[in-house]
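Have the viewer open as you read.

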Amino acid sequence: MICLIQRALAGQVTIAGETVGRIDHGMVVLVGFQPQDTQVALEKMAHKLLHYRLFSDEKQKMNLNVQQVSGSILLVPQFTLAANTQSGLRPSFSSCAPPSEAEQMFQKFLGIMNHRYGLVESGVFGADMQVSLINDGPVTFWLQT
C-alpha cells in the first residue's frame, strides 16, 4: 500500500463539476494498492496516517499529527501510485492491485479511517476526478507498507 500525503490548507475532489469531497486544514492523501496488500497493511497505514507528525508546533517543528491539530483528511484513490516506472517511457500497471480488489481495499480503508477519526472525506474509486489542493509548505511524504 502506498500513500502520498500532502499537508494542505485546503483540498477538494470534483467529479463532473460536482464537489464530492472537501477539506480545509489537514492533509490530502493519494492512495494506491498493490496485490500483496492485506487487512494488516490497511490497519498499519491508518495508524501511520493518523499519527504521522507533519504539522508544526509552537517552535515550528513538525511534532504534531492531524488529530492534534483537528485537521481533516481527504482520501483520494489513485492506482497510478503503484505503477512500475523502472524501465521504458510508459508505466506498467502490472504491479497495481486489480481494480475490483483495489476498490474493495479502498472501501475497507475508508471505513477504518472513518471509524478511527471522524474528519475524513474521500474521492470516488474509478471516477474521473479533478483534485485540487493548496499544499502547505510544501510538505509531501511518501509512505509505504
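In which loop does S70 lie? S70 sits in the loop between β5 and β6 (72-77). Strands here are DSSP runs of E with at least two residues, helices are runs of H or I with at least four, and both are numbered from the N terminus.

A word on provenance: this is a predicted model, where local features need pLDDT of at least 70, side-chain atom pairs count only at pLDDT 80 or more, and totals for chains, interfaces and linings use all residues. Residues are numbered from 1 along each chain as its sequence is written, and side-chain values use heavy atoms, with hydrogens and water left out.

Most residues other than glycine have a negative phi, and most peptide bonds are trans.

| Residue | Phi | Relative accessible area |
|---|---|---|
| Q60 | about 65 degrees | 63%, exposed |
| S70 | near 55 degrees | 54%, exposed |

Q60 belongs to the loop between β4 (55-56) and β5 (62-64). Then there's the cis peptide bond joining G137 and P138, with omega at about -5 degrees. P138 is part of strand β8 (residues 130-144).

**Overall build**

The protein has two helices and eight strands, and from the N terminus on the order is β-β-β-α-β-β-β-α-β-β. Its radius of gyration is 15 Å, close to the 15 Å that the globule rule gives for 145 residues, so the protein is as compact as a globular protein of that length. That radius is taken over C-alpha atoms, and the rule is 2.2 Å times the number of residues to the power 0.38. Along the principal axes, the C-alpha atoms fill a box of roughly 45 × 35 × 35 Å. Buried residues make up 41% of the 145.

What's left inside? The structure holds one cavity of 30 Å³ or more. A cavity is a set of points on a 1 Å grid over the protein atoms alone where a 1.4 Å probe fits but cannot get out, and lining residues have an atom within 4 Å of a point. Points are joined across faces, edges and corners, and volume is the space filled by probe spheres set on them. The largest cavity has about 50 Å³ of space, and its lining includes F33, F79 and F125.

Conventions: On a 1 Å grid over the protein atoms alone, a cavity is a set of points where a 1.4 Å probe fits but cannot get out, and a pocket is an open set with protein on both sides within 12 Å along at least five of seven lines; lining residues have an atom within 4 Å of a point. Buried means under 20% relative accessible area, exposed over 50%, partly exposed in between (1.4 Å probe, protein chains only).
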